[in-house]
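Hi there,

Here is the structure I promised to pass on. Have a look at it first, and then read on for what turned up.

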Amino acid sequence: MSRILAALGVLVALMFAPLAPAHADDAAFAAAVAGLDQKSFPKRAEAVATLGTLGHARTETVLRALADGTLFARKEDRQVVIGRLSGDAYSLSDAATGAPAGSAPSGELAKIIANNQMRGQIQDILGRFLLFSTDAEDRIRAADQVLSNPDASAVAQVRNALKTENEPAVRQRLERALAAALLSGGGTTEERLAAVQTLGNTNEPALRGLIQRTAANDADDAVRAAATSALAAIDRRLVFLDMGQNLVFGLSLGSVLLLAAIGLAITFGVMGVINMAHGEMIMLGAYTTFVVQQAFRAYLPPDLFGLYLVVAVPMAFVVAGAVGVAMERSVIRFLYGRPLETLLATWGISLMLQQAIRSSFGATNREVANPAWMSGAMDFLGLTLTTNRIVIIIFAAAVVLALAAFLRWSAMGLNMRAVTQNRSMAAAMGIPTGRVDALTFGLGSGIAGVAGVALSQVSNVSPSLGQGYIVDSFMVVVFGGVGSLWGTVVGAMSLGIVNKFLEPYSGAVLAKILVLVIIILFIQKRPRGLFALRGRFVE
Amino acid sequence: MREAHGSILYLDGVSVSFDGFKALNSLSLIIEPGELRTIIGPNGAGKTTMMDVITGKTRPDVGAVLYDGEVDLTKQSEERIAIMGIGRKFQKPTVFENLTVFENLELALAGERRTFAVLFAQLSGTQRDRIAEILATIRLTARAGEKAGTLSHGQKQWLEIGMLLAQDPRLMLLDEPVAGMTDAETEQTAELLVGIAKERSVIVVEHDMEFVRTLASKVTVLHEGSVLAEGSLAHVQADERVIEVYLGR
Amino acid sequence: MGPITRRLIALESKRGWAVLLAVFAFAAVAVPLLNVLLPPDHALHVPTYMVQLLGKFLCYAMLALALDLIWGFAGVLSLGHGAFFALGGYAMGMYMMRQIGERGVYGNADLPDFMVFLNWGELPWYWWGFDSFWFAALMAVAVPGLLAFVFGWLAFRSRITGVYLSIITQAMTYALMLAFFRNEMGFGGNNGLTDFKDILGYSLSADGTKIGLYVATVIALTLAYLVSRFIVGSRLGRILLAVRDAESRVRFIGHSVTGAKLFAFTVSAMIAGVAGALYVPQVGIINPSEFSPAQSIEVAIWAAVGGRGTLFGPILGALSVNGAKSFFTGAAPEVWLFFLGGLFVVVTLFLPKGLVGLASAARRLKRPTLPVTKEEPRNA
């Protein structure tokens with residue numbers, strides 16, 4: 001209600017105030033300043049709005065004083081003054097002119113109080129002053145502010161700003177800001193029609209709301225019709241944007257799943273070993289990251305801190321890989337061909353690893369900081385992408401490609417493929433199968449550790465970190481097709497995307513449940529996953 | 001389709017491929033009731049895949065597989081095919097190692113197959129007699145109460161043949177029944193099979209030419225998934241193409 | 001005497017029946033008597049909390065027994081048996097929730113407290129009928145049984161075996177856990193169901209009720225054991241063993257592998273459901289953490305420690321592992337997970353047949369060594 005009153009006040013003020021050039025009439029300004037000293041808040045707000053439209057050189061000083069609580073009315077003559085505390089009394093200056101006005105103790109002054117609504121109003125007005133800043137960045141920000149919070153009171157200022165603006169980027173925004181302000185009230189029918197055209201390509205919820213209001217309430221039929229069709233176009237575009245957003249979110253979730261599962265694609269997919277301690281390999285990678293981070297904090301200059309992740313990646317690979325090799329040599333190799341026993345034994349190892357970490361690092365979450373270069377966001381075709389999402393997607397891709405290249409071209413990779421395809425033949429050709437087993441398992445575990453570095457950036461680093469990923473990563477590998485690296489990639493990505501597309505309808509938890517149910521049903525149809533090996537020798 | 005009528009097994013134009021490799025290539029074969037047929041062929045000729053197709057383990061890509069002149073085996077489950085009277089012995093003897101010899105035969109014995117019924121099923125007197133008879137035939141009476149896992153390789157082969165007998169099938173498929181047997185055992189097995197074939201149809205896949213000679217049956221030579229030659233052993237041994245396949249040139 | 005009766009009698013040897021009867025008499029009669037008749041300061045007095053703890057362990061034992069039926073005999077390692085247990089528990093919990101009536105914090109006779117808290121207007125349809133004990137008891141068996149039947153039918157029919165089956169059963173219980181954590185499911189969300197007052201009119205805080213529940217558990221476990229014995233002693237039991245050894249061979253002699261597994265899986269889930277239903281009134285709470293995959297895997301280690309494929313081994317295993325857990329979590333909690341984890345490794349590496357296997361190996365070792373030791377002096 002008070003907002004509407006204020007808006008009306010502004011309209012009235014606009015009718016009487018000459019649409020001023022840069023330097024406004026001092027008398028009108030003085031009258032508006034005097035208008036601040038009134039009992040009712042709406043009337044004060046009206047005066048603030050008037051000040052905003054006048055564009056006088058002292059507007060900013062007065063409004064700032066009002067917002068800071070240093071604007072007073074002298075009780076004896078109701079002169080509006082700005083007071084600065086010096087000793088026991090205030091030294092005063094006239095608000096309208098800036099001329100010194102003596103001093104007075106606080107008892108002789110009445111503070112002019114601004115309520116929250118007025119503060120917001122003042123902020124908008126002050127913000128608009130930046131439209132005339134010498135810094136183009138400031139001007140853009142000011143124009144965006146008008147655009148995101150359009151108000152008829154801004155029309156005059158924006159028009160003024162447009163007269164002098166030469167920067168095309170700023171001009172474009174100012175034109176949109178003007179259109180939004182005109183549409184909020186005050187524009188003629190032609191102006192409003194043009195405004196609808198100008199704003200028809202928006203994605204902003206605030207502007208969409210403005211157009212929606214126009215479509216419903218505008219006095220003119222043609223404007224309403226134009227707004228209605230513009231609204232439909234906006235909504236169509238928003239649907240696509242929404243899908244794009246879901247796709248990016250899905251890819252980023254898919255990358256997290258992929259990172260969690262990729263090590264398993266080696267140990268389970270290639271070797272056929274059910275490693276229930278896989279999640280703990282991820283957890284070890286995350287804790288390695290934490291330790292490296294602490295070391296950087298303690299021993300290296302702060303400007304190198306951003307590089308700690310780069311160091312953590314190889315460290316995590318080595319730590320998790322070494323634990324993996326130790327596991328394979330001490331336990332798993334005695335259980336080849338007994339998958340269910342392997343499952344139980346590795347589960348036991350996972351419990352011990354969790355407890356070992358809990359005993360040495362404590363049960364609570366450890367804080368792993370995102371380095372500065374990973375925070376922030378960028379705009380891409382109207383989508384807002386956070387940098388850490390993009391980094392994770394790129395990192396996952398890099399890990400997969402590196403792994404695929406290693407398996408394909410390195411001598412070790414050749415040995416690994418030979419041993420997994422035909423163990424006895426490989427042994428007969430002189431490949432040390434035991435060592436290859438250990439190294440293959442170590443590779444899978446090391447990759448899981450590397451994944452832990454990335455996952456430490458998106459989830460809580462605690463001893464139970466790995467537990468949260470174990471079901472998901474097995475699902476990804478089984479869904480994608482055991483033994484197929486690309487199956488794992490496609491599996492992870494499709495599960496991530498399906499999940500994110502379900503989420504808006506069902507909520508995050510239900511989406512996850514639905515995805516699990518989908519996989520369980522899918523496995524009934526294709527027990528060997530998306531990219532299944534088929535043939536007589538697969539049993 | 002005219003030949004299907006009256007046959008026990010009828011294969012026409014059956015093809016199976018695994019990832020581009022053609023294991024069976026338009027294979028056609030007819031087995032008459034009461035016939036003993038030996039199938040030979042080099043490794044990878046498709047012998048095992050053919051048995052897989054007949055018993056429902058593998059579905060053919062194309063082709064007809066008819067049992068008893070009318071039942072389409074490609075539409076039946078392994079269990080149904082077994083119940084209809086097709087028994088199979090595997091190349092590698094597979095008996096139930098943690099069950100006794102007697103229990104192995106009990107499970108194979110023709111009769112009740114429904115889940116709830118077998119929960120309450122009891123052996124009748126005649127069924128016990130039948131098992132005793134089979135035990136005698138396969139010379140394992142003395143070891144009836146022992147776990148099948150303790151048997152020697154040859155004995156396991158015999159137990160598997162015994163299980164086939166207990167199933168009382170109309171058509172038996174035997175994949176290398178004498179592999180790993182001593183000469184004496186091989187001879188006894190041949191005798192047994194010839195006896196069995198008097199009452200039912202038998203298909204034997206074998207490598208051992210001496211054994212094939214003892215069976216004295218019609219021989220089919222498979223090569224690269226289809227029939228290369230068919231006839232008496234002497235006839236196929238004289239065939240140019242067979243010699244080429246076996247000796248290579 | 002009908003053939004079934006004769007088979008029932010033949011379930012155990014004479015000595016077997018004697019041992020079973022003795023154990024049953026001790027557990028179902030002697031323990032309660034030692035609690036009730038002896039004064040608290042007597043050396044042989046069994047305190048009530050101990051009886052209650054034992055009752056809880058026996059529920060676990062029943063769960064381990066259920067798992068053994070499907071894992072030890074058919075070779076199907078289910079990592080979702082905790083889910084059947086929890087579903088049975090929820091069914092009984094719902095009944096006891098309805099029994100609270102007006103005694104809840106909000107004093108609402110029509111709705112459980114958590115529903116009042118969530119501003120629900122009326123009881124959801126799936127809570128109907130749980131005012132009746134017998135309906136709840138039926139559901140405690142039927143719901144796990146139905147879930148197992150549907151899930152098993154889908155899985156076994158498409159020949160999902162080995163670790164694949166283990167993984168998807170784990171996914172099943174995980175999905176259920178996530179589902180039950182949601183408040184919208186109407187099962188109390190995070191907190192689950194608790195603050196129970198009484199069962200069949202008896203106060204749960206009364207000693208008599210606790211003893212009664214304990215005795216009921218002993219009887220249920222004994223019955224479950226006998227039912228399982230009957231199954232594994234039947235021809236179906238031999239088919240299950242055959243499936244474990246050579247699944248496809250079973251098909252080629254014409255038995256339905258799917259049918260046999262499905263039967264065992266469903267019965268096993270029903271036993272687990274009964275165990276859960278007895279567990280909840282004894283511990284006073286059921287919440288979604290019972291569905292967590294870790295709980296279900298732990299059951300596998302109880303069975304493995306005792307010796308799978310023996311039915312009584314898993315019972316022993318559940319009792320001893322949980323006894324050790326009570327001891328460790330009291331005395332040295334940080335050691336417990338090392339111990340449990342180590343147990344998983346040691347049992348799978350060195351004791352594939354568990355404690356039962358160890359005992360019979362020891363017996364075998366003893367006999368042949370006797371003559372050898374006699375001869376030794378001569379050689380020396």
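A quick definition before the details: a pocket here is an open set of grid points with protein on both sides within 12 Å along at least five of seven lines, and its lining residues are those with an atom within 4 Å of a point. Do keep in mind that this is a predicted model.

Let's start with the second largest pocket. It holds about 720 Å³ of space. Its lining is made up of 27 residues, and the ones nearest the centre are C:L87, C:V143, C:L147, C:L176 and C:F180. What classes of residue does the lining have? There are 27 nonpolar residues, with no polar and no charged ones.

The lining draws on two chains: α21 (508-525) of chain A supplies at least two residues, and so does each of α4 (81-100), α6 (133-157) and α7 (162-181) of chain C. The largest share belongs to α6(C), with eight residues.

One of those helices, α4(C), also packs against another helix of chain C. Its partner is α11(C), residues 257-283, and their axes come within 6 Å and cross at roughly 45°. The crossing is right-handed. On the α4(C) side the contact includes C:F84, C:F85, C:G88 and C:G89, while α11(C) brings in residues including C:A272, C:G273, C:G276 and C:Y279. By class, the contact of α4(C) with α11(C) has twelve nonpolar and seven polar residues, and no charged ones.

Now for a place where chains A and C pack together. Helix α14 of chain A (residues 339-361) meets helix α14 of chain C (residues 333-350), with axes 8 Å apart and an angle of about 160°. Because angles over 145 degrees count as roughly antiparallel, that is how α14(A) lies to α14(C). Their crossing is left-handed. Among the residues in contact are A:W347, A:M352 and A:R358 of α14(A), and C:E334, C:F338 and C:F344 of α14(C).

Note on methods. Residues are numbered from 1 along each chain as its sequence is written. Chains are lettered from A and ligands numbered from 1 in the order in which they are written. This is a predicted model: local features need pLDDT of at least 70, side-chain atom pairs count only at pLDDT 80 or more; totals for chains, interfaces and linings use all residues. Side-chain values use heavy atoms; hydrogens and water are left out. On a 1 Å grid over the protein atoms alone, a cavity is a set of points where a 1.4 Å probe fits but cannot get out, and a pocket is an open set with protein on both sides within 12 Å along at least five of seven lines; lining residues have an atom within 4 Å of a point. Grid points are joined across faces, edges and corners, and a volume is the space filled by probe spheres set on the points. Helices (H or I, at least four residues) and strands (E, at least two) are DSSP runs, numbered from the N terminus. Ala, Val, Leu, Ile, Met, Phe, Trp, Tyr, Cys and Pro count as nonpolar, Asp, Glu, Lys and Arg as charged, and the others, Gly among them, as polar. Axes are lines fitted to C-alpha atoms, for helices over the stretch in contact, and angles run from 0 to 180 degrees between N-to-C directions. Angles under 35 degrees count as roughly parallel, over 145 as roughly antiparallel, 65 to 115 as roughly perpendicular and the rest as oblique. A crossing is left-handed if the near helix is turned anticlockwise from the far one by less than a right angle, and right-handed if clockwise. Contact means heavy atoms within 4.5 Å.
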